[in-house]
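Welcome, and thank you for taking a look at this structure. Below is a short briefing to read alongside it.

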Amino acid sequence: MFAASLYDVVLWIHITAVVAAFGALFAYPVFLAVNARAPIMERASLHRSQIAFSKRVTGPAIGVVLLAGVYLATDADLWSEPWVGSSFVLLLVIAGLGATLLRRGEERLVATAEGGDEAGYGAALRTVRLWTTITIALIVLVIFLMSVKPG
């Protein structure tokens, strides 16, 4: 017979939401590199998809990650653990980067691609690649903290 505690179910929801929110971001470097080789007028479609995915999947999934994480930390009385507070702050930083710098960069990629501005597109692409790399590194750091639980 299968028996799971509420904590186990919320943990599963938390992990699933992390995968849904951030899994695609790990493919962005490949998508961006391949897309950059396409004719400029064909590039905007990918970036419109990135923006739509962020709004419809990533944002809501981050909300689930946050709510489930708060429940897990509260239920297990873990708020005094440094890895919990650090992960909480980093989640807010990651969400902020996605909603501001990455989103604006993707919007600029759309605009420059649609306008045929190769130089502007290249500059925007460099910025998006940088912030994507930083965001991925922060996500990997949070996964490390949540898995190893240092401190």
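I134 is partly exposed, with a relative accessible area of 31%; here buried means under 20% relative accessible area, exposed means over 50%, and partly exposed lies in between, using a 1.4 Å probe and protein chains only. I134 belongs to helix α5, which covers residues 118-148. Its C-alpha lies 9.1 Å from that of I94, although 40 residues separate I134 and I94 in sequence.

This is a predicted model, in which local features need pLDDT of at least 70 and side-chain atom pairs count only at pLDDT 80 or more, while totals for chains, interfaces and linings use all residues. Residues are numbered from 1 along each chain as its sequence is written, and side-chain values use heavy atoms, with hydrogens and water left out.

**The chain as a whole**

- The chain has five helices and zero strands, where helices (H or I, at least four residues) and strands (E, at least two) are DSSP runs numbered from the N terminus.
- Read from the N terminus, the order of elements is α-α-α-α-α.
- The C-alpha trace spans about 55 × 35 × 20 Å along its principal axes.
- Of the 151 residues in the chain, 35% are buried.
- Take the contacts between residues at least 6 apart in sequence: 78% of them join residues at least 24 apart, with contact meaning heavy atoms within 4.5 Å.

**Helices α2 and α3**

- The axes of α2 (residues 28-36) and α3 (residues 44-75) come within 11 Å and cross at roughly 155 degrees.
- That crossing makes α2 roughly antiparallel to α3; angles under 35 degrees count as roughly parallel, over 145 as roughly antiparallel, 65 to 115 as roughly perpendicular, and the rest as oblique.
- Such axes are lines fitted to C-alpha atoms, for helices over the stretch in contact, with angles from 0 to 180 degrees between N-to-C directions.
- On the α2 side the contact involves Y28, F31, L32 and N35, which meet L46, H47, Q50 and F53 of α3.
- The residues of this contact divide into five nonpolar, three polar and no charged; Ala, Val, Leu, Ile, Met, Phe, Trp, Tyr, Cys and Pro count as nonpolar, Asp, Glu, Lys and Arg as charged, and the others, Gly among them, as polar.

**Aromatic rings and charges**

- The count of aromatic pairs comes to one: rings of Phe, Tyr and Trp (its six-membered ring) pair if their centres lie within 6.5 Å, and planes under 30 degrees apart count as stacked, over 60 as edge-to-face and the rest as tilted.
- W79 and F88 form an edge-to-face pair, at 5.9 Å centre to centre and with 80 degrees between the planes.
- W79 is partly exposed at 38% relative accessible area, and F88 is partly exposed at 31%.
- R43 lies over the face of Y121, 4.7 Å from the ring centre; a charge sits over a ring if NZ of Lys or CZ of Arg is within 6 Å of the ring centre and within 35 degrees of the ring normal.
- K149 has its charged end over the ring of W83, at 5.2 Å from the centre.

**Positive phi values**

- Most residues other than glycine have a negative phi.
- D77, which is not a glycine, has a positive phi near 55 degrees.
- D77 lies in the loop between α3 and α4 (82-114) and is exposed, with a relative accessible area of 64%.
- K149, also not a glycine, has a positive phi of about 55 degrees.
- K149 is in the segment after α5 and counts as partly exposed at 43% relative accessibility.
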